Amino acid sequence: MLWMGPLTLIPLAIGAAIDHGIAPRDTGALLQWAGVILALGAVSASSTVMLTRAGDRAWLDGATLMQRSVMQHATRVGATLPSKIKTGEIVAIGSSDIYSIGGVLEVIGRLAGGFIAFVVAAVAMLTSSPLLGLIVLIGVPLATLGLVPLLGPLRERTEKHRDEVGAATSMAADIVSGLRILRGIGGEKQFTDRFAETSQRVRKAGVNAARIDSWLSGIEILLPGLVTILVLWLGARLALDGTITVGELVAFYGLSAFLVIPVGVAAESVHHYNESIVAAKRACTILAMKPAFESPEHPKPLPPGSFGLHDETSGLTFAAGKLTVVSTTGSDAFADRLGRYVDAPVRAGDVPLREADIEEVRNRILVAHNQDVLFSGKLADEIDMGGSVELDTALWAADAMDVVDGLENGTQEFLAERGRTLSGGQRQRMLLARALSRDADVLVLDEPTSAVDAHTEARITQRVAELRRGRTTVVFSQSPLWTRVADEVYVP
């Protein structure tokens with residue numbers, strides 16, 4: 001309001017300076033009105049700085065809040081998220097949708113200022129000339145309403161463009177994650193062609209949306225411009241008739257030309273609103289998702305210490321404080337049952353996991369799969385889970401110290417996304433070290449050494465057995481080296 005208010009009053013002050021200073025050749029009055037104009041300009045300039053800072057802060061806060069809300073909820077949804085939504089949808093929210101949400105929050109302040117400016121201008125015109133005031137009061141809103149017919153098509157095309165962006169992002173994520181395999185089987189060119197085709201669909205959808213947007217940009221100049229021409233023509237005739245003064249004519253022209261700014265802000269708001277609605281729907285799709293498992297209203301506490309597990313589906317019992325090896329294929333689903341990633345009748349001691357608090361289950365039962373992911377960042381930050389086992393001890397138990405020694409910066413080395421700079425065996429040992437560092441009460445390892453040689457595996461099995469002595473550990477592996485160090489072995 002501080003930004004738009006002075007801009008509204010400046011044309012009126014110029015008109016007053018003409019009527020009271022220039023026309024009667026009154027230098028003192030002219031200087032007084034010149035001072036008023038200078039003061040209004042100073043207020044407008046300083047408030048523009050304040051508006052820009054406040055608008056940028058609103059933009060950043062809104063975008064950041066949306067991103068954090070979606071990411072935190074996605075984390076709460078947990079392991080079932082990939083089965084409910086494509087990776088590209090999550091990425092697109094953080095890479096494009098946040099700009100739409102931030103934009104609509106940034107424009108709210110300017111829209112409020114534009115509304116106040118329109119009211120002030122309309123009152124000033126109605127007071128001086130009811131005819132011109134009515135033209136502006138009716139013409140400018142009609143000019144704004146002229147944008148409405150384009151809103152529906154714009155939203156539809158924006159939604160289609162957003163869908164294509166999400167599809168392209170998902171495809172890019174799949175290609176990057178499987179790039180080595182694609183190159184190995186000679187499929188790189190085929191997927192490149194598919195991605196190029198998808199990119200062209202994104203481009204076409206973006207051009208279609210931009211075409212409607214360009215019409216909006218033109219209309220927001222054309223319609224208010226027609227109102228300005230009408231006001232100027234009628235005002236000139238009234239000035240010639242002596243109905244209004246030359247200063248009032250200049251003021252009316254200045255006000256009608258100035259009103260292009262509020263109309264432009266209104267059009268910009270409409271554009272941001274359309275984009276933000278599309279972005280918000282995408283975000284709400286994720287925020288409406290519920291975790292696969294919720295804690296019961298009155299959860300039962302899990303047994304203290306390192307407890308045992310009993311899987312009623314298989315009938316197997318994993319004794320507390322012992323290393324149990326299960327020699328079986330298709331162990332993913334079995335391991336997920338023990339960690340309550342699927343709904344299954346599993347008991348921790350005498351407490352069914354279904355009746356326990358899900359957060360406690362996640363904190364005390366750690367399931368480490370062979371296909372888990374290493375994120376980008378310093379190796380120490382990616383491996384150290386903050387448990388009671390020190391990082392060096394976990395790396396020693398996973399026989400990964402040679403990997404660390406081969407890195408230029410040791411544990412401070414920056415890992416690439418998914419640990420792409422490591423070999424398969426090195427990455428697997430890092431995943432094992434990360435699981436061991438957590439020192440969970442119950443640790444479930446799914447094929448933890450399938451990618452290492454026999455000599456390395458022999459050292460790992462001995463060290464893990466030593467490190468986890470007295471703690472419940474379940475290992476799914478058909479390797480005889482794990483069987484040799486196990487306290488109990490099951491062969492279903």
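A residue counts as buried under 20% relative accessible area, as exposed over 50%, and as partly exposed in between. That scale is used throughout this report. The model described here is predicted.

**Salt bridges**

The structure holds 16 salt bridges. Three of them are listed here.

| Pair | Closest N to O |
|---|---|
| Asp402 and Arg429 | 3.0 Å |

Start with Asp402 and Arg429, which form a salt bridge. Asp402 sits in helix 15 (residues 401-405) and Arg429 in helix 16, 27 residues apart. Is Asp402 buried or partly exposed? Its relative accessible area is 46%, so Asp402 is partly exposed. Arg429 has a value of 10%, so Arg429 is buried.

Glu312 is partly exposed at 41% relative accessible area. Arg347 is partly exposed too, at 28%.

Arg364 belongs to helix 12 (residues 358-364), and Asp441 lies in the loop between helix 16 (424-438) and strand 9 (442-446), so the pair ties together parts 77 residues apart in sequence. Arg364 is buried, at 14%. Asp441 is buried as well, at 16%. Both residues belong to a network of salt bridges that also links Glu360, Asp439, Arg468 and Arg471.

**A sheet and its helix**

Four strands form an open, antiparallel sheet in the order 2-1-4-5. Which strands lie at the edges? They are strand 2 (316-318) and strand 5 (351-352), each pairing on one side only. Strand 1 (residues 309-311) pairs with strand 2 over 3 bridges. In that pairing, Leu309 stands opposite Phe318. Helix 11 (residues 331-338) packs on the sheet and touches strand 1, strand 2 and strand 4 (346-348). The directions of helix 11 and strand 1 make an angle of about 125°.

**Helix 1**

Helix 1 covers residues 4-22. Its 19 residues, at 1.5 Å a residue, should span 27 Å, and the end C-alpha atoms are 27 Å apart, so the two values agree. A kink of about 25° lies at Ile10, shortly before the proline Pro11. Ile10 and Pro11 are among the buried residues of helix 1, which also include Met4, Ala17 and Gly21.

Notes:
Residues numbered from 1 in each chain as written. Predicted model: local features only at pLDDT ≥ 70, side-chain atom pairs only at ≥ 80, totals over all residues. Heavy atoms only, no water. Helix = DSSP H or I, 4+ residues; strand = E, 2+ residues; numbered from the N terminus. Expected span 1.5 Å × (residues − 1). Bend = angle between axes of the 7 residues up to and from the residue. Buried < 20%, exposed > 50% of the residue type's maximum accessible area, 1.4 Å probe, protein only. Pairing = 2+ DSSP bridges. Contact = heavy atoms within 4.5 Å. Axes fitted to C-alpha atoms, helices over the stretch in contact; angles between N-to-C directions. Salt bridge = Lys/Arg side-chain N within 4 Å of Asp/Glu carboxyl O.
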